[in-house]
Amino acid sequence: MTAETGVGHGHVDYLKVYLALLVLLGVSLAGPLVGLWWLTLVTAFGVAVVKALMVAAYFMHLNIERRWVWYLLLLMLGFMIVLFAGVAPDVLQGEGQHWVKSSGAVPGH
Amino acid sequence: MTHAIEATTPLATRRSASGVPTGRLAVWWLLASEIVIFGGLLASYLMHRLHHPHWADEAGHTNAIAGAFNTFVLLTSSLFAVLGHQAAERGDGRGAARYLVFTIGGGLVFLAVKAWEWTGEIRHGFTIFRDVFWAYYYTTTGLHGLHVVVGLVAMAFVATEARRGRNLHRVELVGIYWHFVDAVWIFLFPLFYIAR
Amino acid sequence: MAQTVVAAHPQTFWQRYVFSTDHKVIGLQYLFTGMAMAVVGAFLSYVFRMQLAFPGSAVPLYGVVTPGAYNALVTNHGTIMIFWVAMPILIAGFGNFLIPLMIGCDDMVFPRLNRLSYQVFFLSTVLILVSLVVPGGGFGGAWTAYPPLSASSQYNHTPWGAPLWLVAVALEFVAFLMGGINFVTTVMNARAPGMTPFRVPIVVWMIVIATVVFMASVGPLVAGAVMLLFDQVLGTHFYDPAAGGDPLLWQHLFWFFGHPEVYVVLLPALGVVAEVITTFARKKLFAYKTILYTAIATGIISFFVWAHHQFVAGIDPRMAHLFTITTLIISIPIAEMTFAFIATLYGGSIALTTPMLWALAFIAEFLLGGVTGIFLGANATDIFLHDTYFVVAHFHYTFFPIAIIGGFAGITYWFPKMFGRLMDDRLGKLHFWITILAFNAIFLPLFVLGAAGEHRRIWSYAGFAQLATPEFQTLRVVATVALIVMLIGQVVFVFNFVRSLVRGEPAGTNPWRANTLEWAAPSPPPHGNFAEPPTVYRGPYEYSVPGRELDYWPQHVPG
């Protein structure tokens, strides 16, 4: 094993990253309080994406890791988008010509 | 920086033709396979959530405060994990072990809150059978919780060895896994707790 | 590195053969398990084909086949052949045995994880076998396990068989995920000095690509399987439309994995064939880099074709058009690899040894399988052919070459390395001809029957006037008799295998005069593989290099 994870990559102040993450958490909690549905979406999921990227880059050190590791992980995410794109049209469609999908109400046990 | 890998490991394990140390490389591949497992589950959930508007009402019955608190707990435990990694880098085994113990503590708090949440929800009739929303909720957070437990066990092992100054490189590896668990939760939180 | 440091040498029987961490032992454990399960899978096919040929009669060694039993037989035949025969032999068996040898190191990078993967796999094998004999019988909902049939014991009548089947398959996935991490990490990191990426034997790359494709595609199905298991044993409603679930979701999750899975097994088989044809044509592999990039492209495209299994399931027809296009596209890289193999053979100095015969048969038979897939990949023709025996014939003309022909090619080729002895070539050829001729006699009739409309998964055609004609019944009998001939012919192989193990001629280090690194180690290789870790000086296919006296040039020989 070499100096791959060697000394001197404490450039990033982990505490600062952590505080930024907490601020973002706060933003995502405040978003829904405003009441605009699109803002809630942005704050909830946009913040989630940013937080995850920050954890990946700074805590997992992906920012100083070999590039192809990023690509590999993003490729996996890409496949999940393909999955969603290919399946969602079927799951999301409730009716068409001559048919209706029976997706019943809450059964309530 | 020393990597104290025992001499009884095969030559194969000590080579590093790709430039990424073997242990870390393996963790990346592990995460790659985990992304598609959680990704598949979450993609399925998301599709159904979009298709069933009433799920937003069901999601209103999850405890957003508990969820937010747990998000904070996991973020904090991730901080401890990376500080532990920093300590291990410096060769400070005892320091690394201490940080890992804090991380484990965070994980235990997370599980305790989760248990409290679930108990409350079940008592109020929001069982796994009530609606397919709840089936996804319990399955997804349960699968995540399982990964938390596995992570805690792994960190306990690594911490025990690190305190004795052995296999310090594993602190980083278990940390990467833990950060992944944290990242999954970062997505679970808005998906299940923040109602549209 | 002057010295190869290895783990403490195992001493007892249990340490050496049962709980070993040595990749060669683990590889053989997978190989033998796969071969044993092939007997089970073959027996299942014998029983249901006897039912089809002689409906209602008691099948020797089994008894009368009820409709429920028929469903369990076809379900488990398919499941076992894919997950407990093809994958363990081609990927785990050959991969484990060969990879460290071929890349010039002493073991996999995680030997104990390797052992654990086999133990999980072994458990999964026990579970699938147990599932066949529990009260209610084995699961009969087809290897595709669509809900609601698979989700509710009210429908499937196999309250124990169904969850056991599902858990067995899930555990098999876990075992191969673990093994997969080992394979990829080992090939990426543990290569011998001088073994640059393009000097790695193509079979190793194929196994790695297959592993990555597997890892990327099985995840959603693991999630889906957990959901199905909860539906089965807890009573949740993930796939129950009346309660807000969606059965079509399972289909998509299943086939998102199911289609890449066929390439997961195809690529290693192609790799085995490549190794065999280069050795026995004494010729360089044509267009190594092209083959490699094509294999990677195939792996990626395979993620975009899955819904061709669902053309008539009620998916959006516009999606069907899309998937038709991608499906037809994926035939191109496969055809290209076939051409590359033919180009490799062209002008070569061909030696028709038993492994070579298997490799050549692979190319010919897989070609037939591939072209018949075109009809199925086009949504318009698939409307008629879906769920008929045309599909069955198509996938046997692809799967049989992959698992059985590819398996025999690899086993006959590497037997000398694995066991230090040579197999009898004449018996090998006899076994080959019986198997190949019988194989075609089984499945060619099925194309005819399928095109005539014979549905799959039907226990008896007595109630279908247009299918119950004497001519069609004759075809069914022909196929069944051919199957019995083929199964009896396997005795030749078993006899050859066992006798060669015990009394075969000593093989020496490199009986085939091949280039790749496994042939530099003793036969069989000792614990630690190489006395001195080899260094690599050239690519793996330097055969018949002009100006050299010898027609081969091993990778580890300097100069």
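A:His61 is buried, since 20 other C-beta atoms lie within 10 Å, where a residue counts as buried if 20 or more other C-beta atoms lie within 10 Å of its own, as exposed if 12 or fewer do, and as partly exposed in between, with C-beta atoms placed from the backbone. Phi of A:His61 is near 60°, a positive value in a residue other than glycine, and A:His61 is placed in the loop between helix H2 (37-59) and helix H3 (67-92) of chain A. Helices (H or I, at least four residues) and strands (E, at least two) are here DSSP runs, numbered from the N terminus. The model is a predicted one, in which local features need pLDDT of at least 70 and side-chain atom pairs count only at pLDDT 80 or more, whereas totals for chains, interfaces and linings use all residues. Residues are numbered from 1 along each chain as its sequence is written, and chains are lettered from A and ligands numbered from 1 in the order in which they are written.

Chain A has three helices and two strands, which follow the pattern α-α-α-β-β when read along the sequence. Of the 109 residues of chain A, 26% count as buried. The domain assignment divides out domain 1 (12-59) and domain 2 (66-90) of chain A, the bounds coming from an automatic or database domain assignment; the C-alpha centres of domain 1 and domain 2 of chain A are 22 Å apart.

Chain B has seven helices and zero strands, in the order α-α-α-α-α-α-α along the sequence. Taken along the principal axes, the C-alpha atoms of chain B fill a box of roughly 60 × 30 × 25 Å, and buried residues make up 59% of the 196 residues in chain B. Among the contacts in chain B with a separation of 6 or more, 79% are between residues 24 or more positions apart, two residues being in contact if their C-beta atoms, placed from the backbone, lie within 7 Å.

Between chain B and chain A, 44 residues of chain B are in contact with 45 residues of chain A. On the side of chain B that touches chain A, the elements giving two or more residues are helix H2 (22-51), helix H4 (64-89) and helix H7 (169-193) of chain B, and H2(B) gives the most, with 12 residues. The residues on this side of chain B divide into 24 nonpolar, 14 polar and six charged, where Ala, Val, Leu, Ile, Met, Phe, Trp, Tyr, Cys and Pro count as nonpolar, Asp, Glu, Lys and Arg as charged, and the others, Gly among them, as polar.

Chain C also touches chain A, with 17 residues of chain C in contact with 15 residues of chain A. Helix H7 (202-233) and H8 of chain C each supply at least two residues to the side of chain C that touches chain A, and H8(C) gives the most, with four residues. By class, this side of chain C has 13 nonpolar, two polar and two charged residues.

Within chain C, helix H8 (residues 247-281) packs with helix H13 (residues 389-419) at an angle of about 40°, the axes being 9 Å apart; axes are lines fitted to C-alpha atoms, for helices over the stretch in contact, and angles run from 0 to 180 degrees between N-to-C directions. H8(C) is therefore oblique to H13(C), given that angles under 35 degrees count as roughly parallel, over 145 as roughly antiparallel, 65 to 115 as roughly perpendicular and the rest as oblique. The contact involves C:Val265, C:Leu266, C:Ala269, C:Val272, C:Val273 and C:Val276 of H8(C), and C:Ile402, C:Ala403, C:Gly406, C:Ala409, C:Gly410 and C:Tyr413 of H13(C). The residues in the contact of H8(C) with H13(C) comprise 10 nonpolar, two polar and no charged residues.

C:His157, which is not a glycine, has a positive phi of about 60° and lies in the loop between H5 and helix H6 (161-189) of chain C; with 17 C-beta neighbours inside 10 Å, C:His157 counts as partly exposed. A cis peptide bond with omega about 0° joins C:Pro147 and C:Pro148, and C:Pro148 is found in the loop between helix H4 (111-133) and helix H5 (153-156) of chain C. Another cis peptide bond, with omega about -5°, joins C:Ser523 and C:Pro524, and C:Pro524 is found in the segment after helix H15 (470-503) of chain C.
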